[in-house]
Amino acid sequence: MSDVNQIVRIVAFGMVGLTWAAGAAMPDASLPAALYADPPLDPTHPASGQGIQFNSHGATLNGQLYRPAGEGVHPTVVLLHGLPGNEQNLDLAQSMRRAGWTVITFHYRGSWGSGGRYTLNGGIADAKALLDLLAQPASAQAWGVDPSRIVVVGHSYGGYVAARAASDAPGILGVVLLAPWDISFDTRAWAPLPPARRNALASAEFKDAEGRLTGANTRSLLAEVMREGAQFDLLHLASALARAHILVITAERDDDGDKAIGLLPALTQMHAEHVTVQTFPSDHSFNDHRIALQAEVLRWLAALPGAPSVAPN
């Protein structure tokens, strides 16, 4: 191709881009910039991502680390997925990283290649193991984590894990509960039912878990919920959470067990000062409100003490 033709192609491509830009709707000024704009490039310390592993009670767990641009440590989000973790909310992870947060997400023991056998109690222990690791200066420095500014974000089962982790770690900066699963709700609802009906409900509830978890299936998860579900009550965590910065987002088209219907009134009665609640007309994974979900989380994060300040391009 001649140099002249090459120049013509470049100019034509640029004109197409300018035409599209002129015809496209401008971003809503009320939306956080991290939803639609990358921050300035830092040639010396660019944004990066890497697979990570850490140990939890003898099991090696797999995770992903998203580091924002800039030197040193950053405020950090630990992002916890649900059961079994088909929905990982990685769009949220990327937008939080663009907003200047280090983000760590991982797979609980027995899920998606992580070692060990999956149990509901095991996931709670895994989250605590990660937070203990991030409290160690060497680990925090290596992963770009500011251990004094950690927020725990969890969806569904991960929402319960996040609430439990935050209640056991008083140094946590904040906690976000996305359609948090109150496991005790199902325990109470299923207890009076005949076994056949209970099994049918559990099969529907845990249908995505079959073949995806090591050492767990519909039967074992049902047994754990019925045997130990009373201890997995979000209401039991209300007193500890009332002292934290907390964001609770629920969905109208979701099961009652994922709407924090016991936790929220308790926080109100305790006059919790830093509680934000939002409900979207959506489903359990907020499938038709992903941008709204990210915007709500980003605004809340930006209002926390010590939140990063990132200027988009």
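Start by selecting A34: with a relative accessible area of 10%, A34 is buried. Bear in mind as you click around that this is a predicted model. A34 sits in the loop between α1 (3-23) and β1 (48-56). Now show what touches A34. Apart from its neighbours within four places in sequence, the contacts are S95, R98, A99 and L298. For a sense of scale, draw a distance to G262: the two C-alpha atoms are 33 Å apart, and the residues are 228 apart along the chain.

Two of those contacts lead to the next stop. Select helix α2 (residues 90-98), where the buried residues are L92, A93, S95, M96, R97 and R98. Following α2 comes G100, which has a positive phi, near 100°.

Step back to the loop between β3 (74-80) and α2, which is where P84 lies. Look at the peptide bond from L83 to P84: it is cis, with omega near 0°.

Which residues lie nearest the centre of the largest pocket? They are L83, S156, E205, D208 and H284, out of a lining of 21 residues. The largest pocket holds about 470 Å³ of space. Colour its lining by residue type and you get 7 nonpolar, 7 polar and 7 charged.

Next, the aromatics. There are 8 aromatic pairs in the structure. Pick Y108 and Y157 to begin with: their ring centres are 5.3 Å apart and the planes meet at 75°, which makes the pair edge-to-face because that angle is over 60 degrees. Y108 is in the loop between β4 (102-106) and α3 (120-134), while Y157 belongs to helix α5 (residues 157-168), so the pair ties together parts 49 residues apart in sequence. Are these two buried or exposed? Both count as buried, with Y108 at 0% relative accessibility and Y157 at 1%.

To see the whole group, select F54, F106, Y108, Y118 and Y157, which ring pairs link into a cluster.

Then switch to an accessibility colouring. Of the 15 residues, 11 are buried, so α3 is largely enclosed by the rest of the structure. Among them are L120, I124, D126, L130 and L134.

H57 is in the loop between β1 and β2 (59-67), and at 65% relative accessibility it counts as exposed. Now jump to F286, which also is not a glycine and has a positive phi of about 55°. F286 is placed in the loop between β8 (275-280) and α11 (290-302).

Notes
Residues are numbered from 1 along each chain as its sequence is written. This is a predicted model: local features need pLDDT of at least 70, side-chain atom pairs count only at pLDDT 80 or more; totals for chains, interfaces and linings use all residues. Side-chain values use heavy atoms; hydrogens and water are left out. Helices (H or I, at least four residues) and strands (E, at least two) are DSSP runs, numbered from the N terminus. Buried means under 20% relative accessible area, exposed over 50%, partly exposed in between (1.4 Å probe, protein chains only). Contact means heavy atoms within 4.5 Å. Rings of Phe, Tyr and Trp (its six-membered ring) pair if their centres lie within 6.5 Å; planes under 30 degrees apart count as stacked, over 60 as edge-to-face and the rest as tilted. On a 1 Å grid over the protein atoms alone, a cavity is a set of points where a 1.4 Å probe fits but cannot get out, and a pocket is an open set with protein on both sides within 12 Å along at least five of seven lines; lining residues have an atom within 4 Å of a point. Grid points are joined across faces, edges and corners, and a volume is the space filled by probe spheres set on the points. Ala, Val, Leu, Ile, Met, Phe, Trp, Tyr, Cys and Pro count as nonpolar, Asp, Glu, Lys and Arg as charged, and the others, Gly among them, as polar.
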